[in-house]
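Welcome! Please take a moment to look over the sequence and the model below before reading on.

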Amino acid sequence: MVAVHCKAGKSRTGVMICALLLHLGGDSGLDPSLYQDPGECIEFYGNKRCRDGKGVTIPSQHRYIYYYKIIVDVGLVMPKPRKVQLLRVRLIDVPQRFFANADGQGIQVSVMDHA
């Protein structure tokens, strides 16, 4: 089982679901013919997710689904993540309202390691 969600659970979620369907292809346990064509994935997702059938509607998101299909077909793999060191944060032309709020707090920056 896979759970994917964004703010509205449509477009960004749809991009990831369509990429997953293309990635799994026939290994999904579902009808493999649905998951060979990006357009069919987009249509399938839209019909399952939205009453009007319009799940992924933004052209750039459509393009990225098609780009991912090329990656799957060519057999490219993503590079391994690498650790980087954050040396400094420089803020330029920050509006005055960000320097202090009612609590006397200003800008807060958190750096986390999600490894």
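This is a predicted model: local features need pLDDT of at least 70, side-chain atom pairs count only at pLDDT 80 or more; totals for chains, interfaces and linings use all residues.

Residues are numbered from 1 along each chain as its sequence is written, and side-chain values use heavy atoms, leaving out hydrogens and water.

**The whole chain**

The protein chain has three helices and zero strands, which gives the pattern α-α-α along the sequence. Helices (H or I, at least four residues) and strands (E, at least two) are DSSP runs, numbered from the N terminus. Of the 115 residues in the protein chain, 20% are buried, where buried means under 20% relative accessible area with a 1.4 Å probe, protein chains only. The chain exposes about 9,600 Å², and carbon and sulfur atoms supply 56% of that area; the Shrake-Rupley method with a 1.4 Å probe is used here. Among contacts between residues at least 6 apart in sequence, 47% join residues at least 24 apart. A contact means heavy atoms within 4.5 Å.

**Helix 1 and helix 2**

Helix 1 (residues 11-24) and helix 2 (residues 38-49) have axes that come within 9 Å and cross at roughly 130°. Axes are lines fitted to C-alpha atoms, for helices over the stretch in contact, and angles run from 0 to 180 degrees between N-to-C directions. The two helices are therefore oblique to each other; angles under 35 degrees count as roughly parallel, over 145 as roughly antiparallel, 65 to 115 as roughly perpendicular and the rest as oblique. On the helix 1 side, the contact is made by T13, G14, I17, C18, L21 and L22, while helix 2 brings P38, C41, I42, F44 and Y45.

What does L21 touch, leaving aside its neighbours within four places in sequence? L21, in helix 1, is in contact with Y35, C41 and F44. The C-alpha atoms of L21 and I42 are separated by 9.9 Å, and these residues lie 21 residues apart along the chain. Q61 sits in helix 3 (residues 59-74). Again leaving aside neighbours within four places in sequence, Q61 is in contact with S11, R12, V15 and V56.

| Residue | Relative accessible area |
|---|---|
| L21, buried | 9% |
| Q61, buried | 13% |

Notes
Buried means under 20% relative accessible area, exposed over 50%, partly exposed in between (1.4 Å probe, protein chains only).
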